[in-house]
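Subject: Structure handover

Hello,

Here is the structure I promised to pass on. Please open it alongside this note, and read on for what turned up.

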Amino acid sequence: MNEKKIIIFSILITITLLVGGIFFVSTSTATPSVISSSNAKATTIDPTSADWGQIPMFKGTVSKVFRIKNTGTNTLKLFNIRTSCHCTTAEVITPTDTSPLFKMDSLSSWIGTVDPGKEAKLTVVFDPAFHGPDAVGPITRYVEIETNDKAEPKLTFTVTGNVYK
């Protein structure tokens, strides 16, 4: 019976953290101010979500790389990167620069640039042991990136899985 209570409690904590993270990401203010462009086009090459399936808690982190291509004629700018939880980090690599590691409340003036026809890579890393040994069960984490693409001002990437001991 105690095991069921622990699982239910873990699920409730996960949902609470997720809702709080989504609220924080959606109500945050932008650090850099970038003028939008109708000629910069942020195109996601891969699906914007990934499912890691079963994630062992104590065997290290899991990661996923997403690709973003500039299919426009002006320089694409990527900025204000945030994750929905501290257990998740995000890093953007452009053809000319590598961002700092971003987390849930990381603020940075970093702006990545992607020339027309070029790609950037977003690496999302999840640490299943971050919340401690009782944090098992399903997870959903988000990474949000703002762009200067007038038609696509925010890109949202989702990773899911099920953490087990």
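Which side chain makes a polar contact with the side chain of Asn80? The partner is Glu146, and the contact is 3.3 Å. Asn80 belongs to strand β4, residues 76–83. Asn80 counts as buried because its relative accessibility is 10%, and the cut-off for buried is under 20%. Keep in mind throughout that this is a predicted model.

Strand pairing

Start with β9, which spans residues 154–164. Strand β2, residues 49–56, runs parallel to β9. Six bridges join the two. Within that pairing, Gln54 faces Asn162 of β9.

Strand β8 covers residues 137–147. It pairs with β9 in the antiparallel sense, over 10 bridges. Thr140 has Thr160 in β9 as its bridge partner. β8 and β9 make a hairpin, with six residues between them.

Salt bridges

The count is four salt bridges. Side chains of opposite charge can pair when their charged atoms come close.

Arg67 and Asp46: the closest N and O atoms are 3.2 Å apart. Arg67 sits in strand β3 (residues 62–70) and Asp46 in the loop between β1 (42–44) and β2, so this pair ties together parts 21 residues apart in sequence. Arg67 is partly exposed, at a relative accessible area of 28%.

Asp134 and Lys165: here the closest N and O atoms are 3.6 Å apart. Asp134 is in the loop between β7 (119–126) and β8, while Lys165 is in the segment after β9, so the bridge links parts 31 residues apart in sequence. Asp134 counts as partly exposed, at 46% relative accessibility. Lys165 is exposed, with a relative accessible area of 59%.

Lys154 and Glu144: the closest N and O atoms are 3.9 Å apart. Lys154 lies in β9 and Glu144 in β8, so the pair ties together parts 10 residues apart in sequence. These two strands also form the hairpin described above. Lys154 counts as partly exposed, at 38% relative accessibility. Glu144 counts as buried, at 13%.

There is also a network: salt bridges with shared partners join Asp46, Arg67 and Glu119.

The loop at Ser106

Where does Ser106 lie? It is in the loop between β5 (88–93) and β6 (111–114). A polar atom of the Ser106 side chain lies 2.8 Å from the backbone nitrogen of Lys103. With neighbours within four places in sequence left aside, Ser106 is in contact with Ile81, Arg82 and Leu101. Thr89 is 17 residues from Ser106 in sequence, and their C-alpha atoms are 9.7 Å apart in space.

A nonpolar patch

Which residues make the nonpolar surface patch of about 220 Å²? They are Ile7, Ile11 and Ile15. Ile7 lies in helix α1, residues 2–27.

Where to look

For a quick tour, begin with the Asn80 and Glu146 contact. Then go to the β8 and β9 hairpin, and on to the salt bridge of Lys154 with Glu144. Finish at the patch of Ile7, Ile11 and Ile15.

Best wishes

Definitions and conventions
Residues numbered from 1 in each chain as written. Predicted model: local features only at pLDDT ≥ 70, side-chain atom pairs only at ≥ 80, totals over all residues. Heavy atoms only, no water. Pairing = 2+ DSSP bridges. Helix = DSSP H or I, 4+ residues; strand = E, 2+ residues; numbered from the N terminus. Contact = heavy atoms within 4.5 Å. Polar contact = N/O pair within 3.5 Å; in protein donor to acceptor, adjacent residues only side chain to side chain. Patch = residues over 30% accessible without salt bridge, like charges linked within 9 Å, V, L, I, M, F, W, Y side chains within 5 Å. Areas by Shrake-Rupley, 256 points an atom, 1.4 Å probe, with all protein chains shown as cover. Salt bridge = Lys/Arg side-chain N within 4 Å of Asp/Glu carboxyl O. Buried < 20%, exposed > 50% of the residue type's maximum accessible area, 1.4 Å probe, protein only.
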